[in-house]
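The following note sets out points for a colleague who is examining the model displayed below. It is arranged as numbered paragraphs.

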Amino acid sequence: MSDLHSHGQPAGAEHANHAEPGFFGKYIFSTDHKTIGKQFMFTSLFFLLVAGLAAMVMRWQLAFPWKPVPGLGPVLYKTSQNAVSAEGYTLLVTLHGALMVFFVGIPMLVGAFGNFLIPLHIGAKDMAFPFINALSYWLFLVAGVIAVVGLVLGMGSIGPGWTFYPPLSVVTPSVALNLWIVSLFLVGLSSILGAFNYLTTIVTMRAPGLTWWRLPVTTWAQCFTAVIQLTATPLLGAALILLFMDRVAGTSFFLPKGLEISGKASTASGGGSPLLWQHLFWFYGHPAVYVLILPAFGFIADILAVFSRRPVFGYKAMVVSLGSVAALGFVVWAHHMFVSGLNPFMGMAFAVLTLAISIPSAVVVLCLLITLFRGAIRFTTPMWFGIGFLSMFVIGGLTGIFLGTAAVDIPLHDTYFVVAHFHYVVFGGVLMAIFGATYFWYPKMFGRRMSERLGKTHFFMTFILLNAVFFPMFILGNGGHIRRIADPTFYDSLKPLQPINVFITWAAFVMGASQLVFVGNFFWSIWRGEKVDRNPWQSATLEWTAASPPPHGNFEMEPRVTHGPYCFKSLLDPTQTTCCQPREVVHGRA
Amino acid sequence: MSVPMTPWGAFALAGLRMGFPEDVSTNGWKVDALFEHILLITGVAFVALEAILIFFVVKYRAKNGATTVEPSLGKAGILWGGFIGAVALTLIVTEGGTWLESSRIQRDKQAGFPDGPDAFRVEVLAEQFMWNFRYPGPDGKFQTDDDVTSVGMLRVPVGRPVVLQMHSKDVLHSFYLPNFREKQDVVPGLTNKLWFKAARPSLTGADGKKVPWEIMCAELCGLGHYTMRAFVVAESEEDLAKYLKDQAEYSNPDDNWGWDWSLGKERR
């Protein structure tokens, strides 16, 4: 198999001179992109468990307000009779959102899979800047520690929600919140360092014969994601500095004159605007949503292609559409601000741009769907997650049309309709893709595969229960159930809906418990999983020509690419390399 | 209202109107109609897509040993390409339609902004965690001694446009009237406006009191966010006049808040 791609010069000659690194060099302070990818993966898995647990406690409080939390109550809420307090609830809201976006979604999709896959997908030995790559992880880890340490040591709470809207995020004194701002700044820095490294690597280090149109969709998606990260994240960094100054140095970037907080006149000089933060935050925040979904599209495209034995349908159209989604993502931010007092005519402009995104998104989804046409589908665990992604992401995408339509958004804004919408995108979409990608690339990462039986159990439980958890939230939202309230039973109009909240909570508990199947499978398989050879799924992309797991330097010989990423015929008959071959190769570019 | 004992009861109750509470405004039906319109379009798209997906998954499952297929789709590929193009075109047309309708609703709302003498004007001051209301009193002017103030209870006339001018004392709040399909953030430093018209009066409960609708704060505003509730009652001009007269006794016009309406432009 491997010699199909390996007619080139021996690679990794300089690596041969290295002494074998010790434990610390190999697993801790490594500059190997595969190790760094795994470090990102384990760190964000840890945060996934923490943020997931926060969601469980939140669900308990919503179904049974102010009742002692079973199990965790005596540990976390000693001072409030083992029940969640109002402060505890705003902390949970903020922690769940901010951790999931900044410490789970982005590092998992980009840090873990981007790192692990990009050099392998393009036939490179490592990233262009291995040291900066390691720095990016260490910044991320330090950020994680800073974020957690203030809360653990009781240096105040964080409660303004993951969007950190001022004035609330400015006027609430809390050292922990200051630390969070520093932490998010470092996460942003880590993203920027990663992004320019990825871009440089993809642009300059592709193996001979690997033209742009032979890149797997996953790598294309990482490429667009890197552009977004590089362009949007500096905005977040700048905004965070301003917010930090407002909190500690008495500036008023986001504060108007004459505020009166809890009966005390604010000493802020004023002249700023809370809306400035919303513009800055969402100019980063909306593209950040596409940082989550674009890599997910990429994984799913590769998975669907491999397990239906079909090249991705409309590969080029799909790549162009992914690029369009990334570009349009920069001009829709104000749809988060339809009710903020924006001029309604401005709202109309942002509404039409928002709705425009649905067109390239629809092209991507339909290309993924048609990839299955005339395929020979093998129902492996990654494939089930691929199918699950397709069926669930659609709900998230279509409900976006309700919210993008400004007039309809007005009653739905900040209700559970929005919560349901973006959880169908990030749970039904992004997390399904993360699971699928984990099952899919696990053999390459660890040389063993995860249990298929447990994997499928995990899929079906998650698939059914996520609908039980998130679909009823649409009904709650329509019914006027606002977000981020600690006690829905406070409202007479929400009392009839309370049994739905209870139902969601029980479903969420079962869903949360079923994730333990994944965690168990993941760790059990590292040591006990079935050993695999180089290409257990019979995929045609480059990473599967390397050993499982690939050694330092990845490929024994520098790969030479003669066909597109989904040319499955080449696996059976190495002379058959013309299928899915882009036209330029015929003219001799390879 | 009776509380259903099971989730199924709650689902059934909520499902009757997709969960929406009763609409008591004169404009809310437009929003509801547009919601239903989008639900129809997206519903068709959803069912079609899932049907195709299930069909493909069943039809193209690998049968014993068939692990590879011919590389090119040939004509079928072109047809599917055309299908995607057709879907994109349909999206442009249908979404263009919803966008036009949404914009028309918003433009009409702007054009219809009541700035004449007919409008019933109220000032709203949001603070952690309550809603203050201020009525101009008999002289029709704000910032005078006969202003009527209240906390947590907004009373408006039926069938007459109500204009709210809103300020916030401290942090972001959001004035949300589920039964009127209205929501407006209250941003410190800005004067945000909202207008609506009640289509029917509030009912009178068994205890002789008017049954109010709820006003919620939709923007996280601190620890007491979930308690930031107020009520709105729509009633006849006579009942309202009587209420304002009674409320004058309890109000504190010297309480130093409010602003000169002539300073702000009437239209947002």
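**Notes on the predicted model**

1. Chain B is divided into domain 1 (7-59 + 75-111) and domain 2 (120-250). The model under discussion is a predicted one. Taken over C-alpha atoms, the centres of domain 1 of chain B and domain 2 of chain B are separated by 34 Å. Nine residues from domain 1 of chain B and eleven residues from domain 2 of chain B take part in the contact. The side of domain 1 of chain B that touches domain 2 of chain B comprises three nonpolar, four polar and two charged residues.

2. Chain B also has a cis peptide bond, which joins Q128(B) and F129(B) with omega of about -5°. F129(B) lies in the loop between strand 1 (120-127) and strand 2 (130-135) of chain B. As background, most peptide bonds are trans.

3. As to its overall form, chain A contains 19 helices and four strands. The C-alpha trace of chain A spans about 80 × 50 × 45 Å along its principal axes.

4. Helix 5 (residues 86-121) of chain A packs with helix 8 (residues 175-204) of chain A; the two axes come within 11 Å and cross at roughly 25°. Helix 5 of chain A is therefore roughly parallel to helix 8 of chain A, because angles under 35 degrees count as such. The crossing of these two helices is left-handed. From helix 5 of chain A, the residues that meet helix 8 of chain A are F102(A), I106(A), V110(A), G111(A), G114(A), I118(A) and P119(A). Their counterparts in helix 8 of chain A are L184(A), V187(A), S191(A), G194(A), Y198(A), T201(A) and I202(A). The residues of this contact comprise nine nonpolar, five polar and no charged.

5. Helix 5 of chain A also packs with helix 15 (residues 416-446) of chain A, at an angle of about 30° and with the axes 11 Å apart. Helix 5 of chain A and helix 15 of chain A are therefore roughly parallel to each other, and their crossing is left-handed. Helix 5 of chain A contributes G105(A), M108(A), L109(A), F113(A), F116(A) and L117(A) to the contact. Helix 15 of chain A contributes V426(A), V430(A), I434(A), A437(A), W441(A) and M445(A). By class, this contact of helix 5 of chain A with helix 15 of chain A has eleven nonpolar, one polar and no charged residues.

6. Is the packing of helix 13 (residues 381-404) of chain A with helix 15 of chain A roughly parallel or roughly antiparallel? The angle between helix 13 of chain A and helix 15 of chain A is about 160°, and their axes are 8 Å apart. These two helices are therefore roughly antiparallel to each other, because angles over 145 degrees count as such. Helix 13 of chain A passes helix 15 of chain A in a left-handed crossing. The residues of this contact divide into 15 nonpolar, ten polar and no charged.

7. P166(A) and P167(A) are joined by a cis peptide bond with omega of about 5°. P167(A) is placed in the loop between helix 6 (130-152) and helix 7 (168-171) of chain A. W66(A), although not a glycine, has a positive phi of about 65°. The loop between helix 3 (33-63) and helix 4 (73-76) of chain A is the place of W66(A). For reference, most residues other than glycine have a negative phi.

Note on methods. Residues are numbered from 1 along each chain as its sequence is written. Chains are lettered from A and ligands numbered from 1 in the order in which they are written. This is a predicted model: local features need pLDDT of at least 70, side-chain atom pairs count only at pLDDT 80 or more; totals for chains, interfaces and linings use all residues. Axes are lines fitted to C-alpha atoms, for helices over the stretch in contact, and angles run from 0 to 180 degrees between N-to-C directions. Angles under 35 degrees count as roughly parallel, over 145 as roughly antiparallel, 65 to 115 as roughly perpendicular and the rest as oblique. A crossing is left-handed if the near helix is turned anticlockwise from the far one by less than a right angle, and right-handed if clockwise. Two residues are in contact if their C-beta atoms, placed from the backbone, lie within 7 Å. Ala, Val, Leu, Ile, Met, Phe, Trp, Tyr, Cys and Pro count as nonpolar, Asp, Glu, Lys and Arg as charged, and the others, Gly among them, as polar. Domain bounds come from an automatic or database domain assignment.
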